[in-house]
Amino acid sequence: MKKIIAFTFFFGGFLFSQAQVKPAISGYDIKLSLKPYKNQWLYLAYYYGGIKGLADSAWLDVNSLGSFKGKTPLPQGIYIVASPSKTILFEMLLGEKQQFSVTVDTAQLENLVFTGSVDNQQFMDYTRFIAPKARISEENRKHLAEDSTASAEVKTARQATITKNLEEIDAYRNEFIKQHPDAILSVLFKSMQEVSYPANLKRPATRQDSVAQYRYGKDHYWDGVDFMDGRLVRTPIFENKLKAYLNNWVVPDADSIIYEFNWMIALGRNDQEMFKYLVGYFVDNYMYPKIMGQDKVFLHVYQRYLSGEKPVANWLNEKQMKAITDRAYMIMANQLGTQAWDMQLSDTSGKTKSLYSVNGDFTIVAFWDVHCGKCREEIPKLDTLYRTKWKSENVKMYAVMVNEESLKDWPKFITEHAPEWIHVHQPAAMRTQEEKAGKPNFRQLYDMRSTPTLYLLDKDKRIIAKNIGVTDLDNVLHEKIKQRNAKPKQ
């Protein structure tokens, strides 16, 4: 099925420049004869991990002839030739030799002909070999999933067909790698290889076997991948493999992910394409992570490669660097396990109430606004939990009302919905004084980007959880109270 290409130069929201390629005597010249397109633009797109970007365009004349042409060679990898409506027509490989021709009637793409490109001839040979096997295997998989009435013999035969096709495809790839070790197609085949387990680990019988299988699989996951070969980032293969590895093989805590990043970047730094890609991927995926605490990964990458007057990763423009730096400064002071910054804010009577003066085994810090619809729903829920469950466990509530324009409605809402909490706000004069002194305010120190924002602190005001919902907060607090109660009293 043809896929729509969304041409973009964005890498997940931040512009990461294309790798700079060293000038060469000859650039690229890909002559096209693509019927039935006439007097229309065709497009050449590249892969960059999970995105597709525009590399060039070509005008096809009245005879359906045109060319993609440039003075500088394109980065090697898999490229897409797209129609005037930006749908994928076909893919091709760009290796060292980037002068060749392509001929086809797009009504019969199986008859695609490359002239002067060994890489693409090899690619077409492989495509023609794998296509019928892939089709037959998919048909058998569909039958296995949908036909529950089939006999055991039929199911076994279908599975055997799938297995046989996979083995033949693997054999083709392995033989090709032996015959053409330096070909770009070999690079792709190596990166696609699955872990080959020894016989004793293929079917684990005990928990010990399962652990051994996991360790072996993780140790050998990257056997076919060269992190010093930047051609891989110009394919969709490498990012899929990286994503699967981080999701399925790595414990999802920040320190474990940082460990993986460190060894990958130690190798990847030897290739500029790979280095840029890895920095970009880990910034993009951990800048605003789905799992609490993983922003520590982004902060690690920032501090090591993107901070300072002369950052190691120096290809970003001023706007990009500002966005990344601003984000880093928003999370530096609120990492899990670190002590939350004290807040000296005014309570409802105008007296200063320090966060650090709150004595409790746990403190919930809630940033909210009286006129925030979500807050008007969540604050009463929090108060119910506080009165029925948390108060008796020495949990304290420190609520920061963030909108000065809502102050007139503040006391009434407090009286009706959360009368026993510690309520504070920052008067305009206090905020102005803070700004003049160049001090960071609570919005930065607590990454307060929306309301409500909730934090859970321990008795020493270390951050246990942040930016967490009410239900998850209740669950985390329940577990922490259990752990506290299980400790022997001294």
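Because the model is predicted, local features need pLDDT of at least 70 and side-chain atom pairs count only at pLDDT 80 or more, while totals for chains, interfaces and linings use all residues.

**Stop 1: the cores**

Select L34, F90, M92, V102, F238, L278 and F282. Within the largest nonpolar core, which has 69 residues, these touch the most other members. A nonpolar core here is a set of buried Ala, Val, Leu, Ile, Met, Phe, Trp, Tyr and Cys residues joined through side-chain atoms within 4.5 Å. Buried means under 20% relative accessible area, exposed means over 50%, and partly exposed lies in between (1.4 Å probe, protein chains only).

Next, colour helix α8, residues 272-286, which gives the most to this core: nine residues. Helices (H or I, at least four residues) and strands (E, at least two) are DSSP runs, numbered from the N terminus.

Now centre on L278. Leaving aside neighbours within four places in sequence, L278 is in contact (heavy atoms within 4.5 Å) with F227, F238, L242, F261, M264, I265 and G268.

Then move to I364, A399, L456 and A465, which are among the members of a second, separate core of 30 residues.

**Stop 2: the salt bridges**

A salt bridge is a side-chain nitrogen of Lys or Arg within 4 Å of a carboxyl oxygen of Asp or Glu; by this rule the model has 25. Here are some to display.

- Show D29 and K31, whose side chains form a salt bridge with N to O at 2.9 Å. D29 is buried at 15% relative accessibility, whereas K31 is partly exposed at 46%.
- Pick D361 and R484, with their closest N and O atoms 2.8 Å apart in a salt bridge. This pair links distant parts of the chain, 123 residues apart: D361 sits in the loop between β12 (352-354) and β13 (362-368), and R484 in helix α15 (residues 470-486). D361 is partly exposed at 25% relative accessibility, and R484 is partly exposed at 24%.
- Go to helix α12 (residues 410-417), where K412 and E416 lie four residues apart, about one turn of the helix. Their salt bridge has its closest N and O atoms 2.7 Å apart. E416 is partly exposed at 48% relative accessibility, while K412 is exposed at 56%.
- Finish with K133, K164 and E168, which are linked in a network of salt bridges.

Methods:
Residues numbered from 1 in each chain as written. Heavy atoms only, no water.
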